[in-house]
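Please open the model in your viewer and keep the sequence beside it. The tour below goes from one selection to the next and says what is found at each stop.

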Amino acid sequence: MWWFQQGLSFLPVALVVWSAASFVFSYITAIVLHHVDPLVPYISDTGTIPPERCLFGIMLNVSTFLGMATMYVRYKQVSALSPEKPKILRLNKLGLTLGWMSCFGLCIIANFQKCILYYIHVLGACLTFGVGSIYMLVQTILSYLMQPELHSKEIFWARLAVFLWSCSSILSMFVSSVVLYSGLYGQNLVQKLHWNPQERGYTPHMISTVSEWSLAFSFLSFFLTYIRDFQKISLRAVVSLQGQTLHESPGSFRAEDQTLLIAGSI
């Protein structure tokens, strides 16, 4: 059995590989069609003009689903490992809520392009990266609280390092974007897809774009730390049959039969 076939480790693997592919394929398509500059454009700029916009949208929608599934499995794993620790359970529920909010933001980014509905796109980015960073913080705290009995110290330090990486990328991107869009470097920057190195504002633009790519890959790196944990877990779903046929009314229940749908255990 390959390492990515153990337990549910295929979920974070699929999330990371698919999301990275959505960025890379959209970037390559946009470069080949000369829709953006080859040197580190905004990720959103590579998904603005058809046909890469279509590719970008549908692939990120799939990433949204994979992210929600990965976060749910993580939630169930922590709940099963710490059933009698109220503090951990409360943080775990908070983490799931924040994680799904971040996934909803990713869905907004995928379907509302920057050059068309800028403010909605920015809202999606804030949910994805802002709320997503808080999700990473919660998971890092959980890793700290669960060590050394349930989590190794190495995993905690790895998640802490990635979280700090994402925070530094957010800060750099925020500062450079504020400087760039403050009006000091001209108008209509939202629609601008091509930059000349001699233009005013090129330096803060490059800092902002590099920070965005760094932030995106810091998020993917965080989910890579789930792989070893997910190798030790599987889930099962149980179908509850409350009647012998599908046309019986609720009042005619005779017995409740349960059929195992997906086998597995923690």
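This is a predicted model: local features need pLDDT of at least 70, side-chain atom pairs count only at pLDDT 80 or more; totals for chains, interfaces and linings use all residues.

Begin by colouring the chain by confidence: the mean pLDDT is 86, and 88% of the residues reach 70 or more. Then select residues 255-265, where the pLDDT is below 50, although this stretch has 33 contacts in the model beyond near neighbours in sequence.

Next, select Ala-125, Cys-126, Phe-129, Met-173 and Leu-215, which, among the 41 lining residues, lie nearest the centre of the largest pocket. This pocket has a volume of about 930 Å³, and its lining takes at least two residues from each of H1, H2, H3, H4, H5 and helix H6 (202-224). If you show the helices one by one, H4 is the one that gives the most to this lining, with 11 residues. By class, the lining of the largest pocket has 27 nonpolar, 12 polar and 2 charged residues.

Move on to the second largest pocket, which holds about 200 Å³ of space, and select Gln-77, Leu-81, Leu-150, Asp-229 and Lys-232, the closest to its centre of the 14 residues that line it. H2 and H7 are the elements that give two or more residues to this lining, and H2 gives the most, with 3 residues. The lining of the second largest pocket has 6 nonpolar, 3 polar and 5 charged residues.

Now select Asp-45 and Lys-114, whose side chains meet in another salt bridge (2.7 Å, N to O). Asp-45 sits in the loop between helix H1 (10-32) and helix H2 (52-81), while Lys-114 sits in the loop between helix H3 (86-111) and helix H4 (118-145), 69 residues apart. Asp-45 counts as buried because its relative accessibility is 3%, and Lys-114 counts as buried because its value is 6%.

Finish with Lys-192 and Glu-199, whose side chains meet in a salt bridge at 2.9 Å, N to O. Lys-192, at 23% relative accessibility, counts as partly exposed, and so does Glu-199, at 30%.

Definitions and conventions
Residues are numbered from 1 along each chain as its sequence is written. Side-chain values use heavy atoms; hydrogens and water are left out. pLDDT is the predictor's confidence in each residue, from 0 to 100. Contact means heavy atoms within 4.5 Å. A salt bridge is a side-chain nitrogen of Lys or Arg within 4 Å of a carboxyl oxygen of Asp or Glu. Helices (H or I, at least four residues) and strands (E, at least two) are DSSP runs, numbered from the N terminus. Buried means under 20% relative accessible area, exposed over 50%, partly exposed in between (1.4 Å probe, protein chains only). On a 1 Å grid over the protein atoms alone, a cavity is a set of points where a 1.4 Å probe fits but cannot get out, and a pocket is an open set with protein on both sides within 12 Å along at least five of seven lines; lining residues have an atom within 4 Å of a point. Grid points are joined across faces, edges and corners, and a volume is the space filled by probe spheres set on the points. Ala, Val, Leu, Ile, Met, Phe, Trp, Tyr, Cys and Pro count as nonpolar, Asp, Glu, Lys and Arg as charged, and the others, Gly among them, as polar.
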